[in-house]
Amino acid sequence: MKVLTDAMLLSGLLLAPSVSGSTGQTPIDHPGKPFSYVQPRNTSILTPYGHSPAVHPSPKTSGKGGWEHALAQAKEFVEKLTLEEKSWMATGQPGPCVGNVLPIPRLNFTGLCLQNGPQCIEEGTYSSVFISGVSAAASWDRKLLYDRGYALAEEHKAKGSHVILGPIAGPLGRSPYDGRTWEGFAADPYLTGVCMEETITAMQDAGVQANAKHFIANEQETQRNPTYAPDANATTYIQDSVSSNVDDRTLHEIYMWPFANAARARVASFMCSYNRLNGSHACQNSYALNHLLKGELGFQGYVMSDWGATHSGVASIESGMDMTMPGGFTLYGEMWTEGSYFGKNLTAAVENGTVSTDRLDDMIVRIMTPYFWLGQDKDYPSVDASVGPLNVDSPLYTWLYNWTFTGPTNRDVRGNHSEMIREHGAASTVLLKNERNALPLRKPRNIVVAGNDAGPITQGSAIHSNYEFGVLANSGSSGSCRFSYISTPLDAITARARKDGALVQTFLNNTQITEEGMTSLWNPELPDVCLVFLKAWSEENVDRRSLDLDWNANAVVAEVAKNCNNTIVVTHSTGVNVMPFADHPNVTAILAAHYPGEEAGNSLVDLLYGDVNPSAKLPYVIAYNESDYNAPLTTDVLTNGTYDWQSWFDEKLEVGYRYFDAHNLPVRYEFGFGLSYTTFDLASLTGKAVATANLSALPAQRPIQPGGNPALWEKVFTLTAVVTNTGTVDGHAIPQLYVAFPKSTPAGTPPSQLRGFDKVWVPAGETKTVTFDLMRRDVSYWDVVAQDWRIPTGQFTFHAGFSSRDFRANTTASFVR
Ligand code: BGC
């Protein structure tokens, strides 16, 4: 690969000409510019920490991995395009969807509709609200993940979306304060990798392009975008976006890992993120896009920018970005391209030879190949007019006059998905505490329902911002939903309690509970059970300020538990909450329901009354105190230097449970933990080499496929274990496999890391055998010198059990002499 020098870049050799008052690129954040902070902090790694080397040119797609025929169709299509058409196809335009590639009627191309989001059709009418990403991860259930992704995509397709802007592997959850962890999956690359792969496969099986976002190291919302001076074009930075400074090994083993699964699933597109990576904007970071994504991971589709994450024209294009979104600044009465780094500027850059036709053609071929591969050129549903007014990125007046809708509007696309959502809600709610046999409920006659999260949403069913009253089953910003209906805990409990002739007393005002107390409010007969519903909101563009539940929730629990000796706490939350009430002797049970979508109430009642046996497990760690978590966000930059927002990922591999385990820190509820109404045991863990007992340390160098070197995905070792249901209730067990690498592995390797799991139905008293297949990548670490995945010499220990701290059986093996 040709490596461009800083001097070439800064001399303007690659700059697009200034057209229509818009510069072709902002060179200020380009890789290698010698800012004082760009100091390698660890000289033992080849890719300097905090610095991102330039890697050019951008690899061309070959459609390998099954897209060969579609690639030929895409090339044929591109041959018919004019230069302007190509430039526009790479440039988002105003339109009814959150991102739009305009139709080209002369070629019967009806355009591309890009739509949020990961839990629903953003604010869509007559569409379902599924369980959130964090809920799906908590299910540890591959089938659930697939079914959810498929159904979500069916609805998107029926409303005319060609591309779903999801799923999400960044943020991964480096910090529990990140505002978007609920949109993504687990604070673990392995589990998130499985979630990505299942979801993407399902969405694309349903005929819709998936989008793996946000690439990469997008681990905080604070200062995710630059602050701009209030000048006419708003292009002058006051301060640049935060730079995630990540070393090479951590990048591979933690943040890139699940994106490799996405590439392997042949995801159609990637979204590059807002943050900088090692000093260079993620959307013009040639090391990340050209080298890692299109090179090492063999990604064959297109890279689109996050909305407004493009900060240059030519530099972004040369660095591997293929499509800019939403495209530019809104200009009434004119095409969108005026204010864009792409659009007319891209046409000019090709005309004057700054960007090659070859590169532009590759951008469009990359965009069109998945379109043909998924058959989106044939009878694809038109865009439902009802989505138009919901699009905040290009308001109606910017496009309505030149857009023709066909087909019915306000289509009901829900099918029978609510049944599945109810099952999924129950399968993803984690039972954290259950003492004195509090659960399942046994026909309680006197029930108190307390807390502002229990009842109906009183401020409209489209979730835009935080609200005091009503159950929280989804959260804000581009992942936000509109509920056609919502089953609230209060409705569902009341309906169920009526069958038992029970009394249900409601106290839904947290302020009243904490200020006036409870005892005066209920009748003299003590309740059998008090169900307290609490919530925690979070959203895009801001990080959480606290890990406590919202609305004075801890005081609400204290007040209820003071008066009720069977208090059961249920949380609807974005993710991690510290739970100071967990030790209270009157708090007998705790359930973490995350954001379970439209069947919030029914799915919970299924668990509370024992119709469903809980099986979900935490996809993150619940610590005792907020101060126990490492890797604080960068939030308080008080200096005003342009590049002062630096986030040093100094914790390296110590993300989530890896940190707590490495330092032997006690936690309240560990990663992988979750109770059931039965008990399980696990024994007889044994391993067997798949082909040969002795493996080469480095993988055979096979031609790169989507997902990278196929040798990394080869099964090398299989373990089996026996799981027994030792209780009296049938249920799902989720046995987990963790690997402890040999002593020869370089320092910093976490004590144990998740490398397998299964979800298995075991009737009471019975036994089932479970299998964990390990691939080469699972037993390798990223060798920064060899720039490859290496299996270390020495003995591995495998632990199997029911959480990251509940190992029931161990075995050892060595692979490399
Ligand atoms: C978000 C993306 C989203 C896009 C379009 C951005 O602000 O980061 O996740 O898909 O907006 O709404």
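In the structure, a network of salt bridges links Arg180, Glu183, Glu221, Arg224 and Glu540, a salt bridge being a side-chain nitrogen of Lys or Arg within 4 Å of a carboxyl oxygen of Asp or Glu. The model is predicted, so that local features need pLDDT of at least 70 and side-chain atom pairs count only at pLDDT 80 or more, whereas totals for chains, interfaces and linings use all residues. Residues are numbered from 1 along each chain as its sequence is written, and side-chain values use heavy atoms, with hydrogens and water left out.

The ligand is surrounded by 13 residues, the closest being Asn116, Arg180, His214, Asp306 and Glu540; a residue is counted here if one of its heavy atoms lies within 4 Å of the molecule. The shell comprises five nonpolar, three polar and five charged residues, where Ala, Val, Leu, Ile, Met, Phe, Trp, Tyr, Cys and Pro count as nonpolar, Asp, Glu, Lys and Arg as charged, and the others, Gly among them, as polar. A side-chain N or O atom of Glu540 lies 2.6 Å from an oxygen atom of the ligand. For Tyr274, a polar side-chain atom is 2.9 Å from a ligand oxygen, and for Arg224 the corresponding distance is 3.4 Å. The protein buries 93% of the 310 Å² that the ligand exposes when taken alone (Shrake-Rupley method, 1.4 Å probe).

By the rule stated above, the salt bridges number 32. One of them joins the side chains of Asp322 and Lys294, at 3.0 Å from N to O. Because Asp322 lies in the loop between α10 (314–318) and α11 (343–351) and Lys294 in helix α9 (residues 286–296), this pair ties together parts that are 28 residues apart in sequence; helices (H or I, at least four residues) and strands (E, at least two) are DSSP runs, numbered from the N terminus. Asp322 is buried at 0% relative accessibility, and Lys294 is buried at 5% (buried, under 20% relative accessible area; exposed, over 50%; partly exposed, in between; 1.4 Å probe, protein chains only).

Two further salt bridges lie within helices. Arg366 pairs with Asp362, their closest N and O atoms being 3.0 Å apart; the two residues are four apart in helix α12 (residues 357–373), about one helical turn, and both are buried. In helix α16 (residues 553–563), Glu559 and Lys562 are three residues apart and form a salt bridge of 3.1 Å from N to O. Glu559 is buried at 12% relative accessible area, whereas Lys562 is exposed at 57%.

Backbone geometry was also examined. Most residues other than glycine have a negative phi, and most peptide bonds are trans. The peptide bond between Lys213 and His214 is cis, with omega about -5°, and His214 is placed in strand β4. Asn211 lies in strand β4 (residues 211–215) and is buried at 0% relative accessibility. Beyond neighbours within four places in sequence, the contacts of Asn211 include Val163, Ile164, Phe270 and Met304 (heavy atoms within 4.5 Å). A cis peptide bond also leads from Gly170 to Pro171, with omega near 15°; Pro171 is in the loop between β3 (163–164) and α6 (189–205).

Positive phi values occur at Asn108, about 60°, and at Asn278, near 45°. Asn108, in the loop between β1 (99–101) and β2 (112–115), is exposed at 67% relative accessibility. Asn278, in the loop between β9 (276–277) and β10 (280–281), is buried at 5%.

Technical notes:
A polar contact is a pair of N or O atoms within 3.5 Å; within protein, one must be able to donate a hydrogen and the other to accept it, and residues adjacent in sequence count only if both atoms are side-chain atoms.
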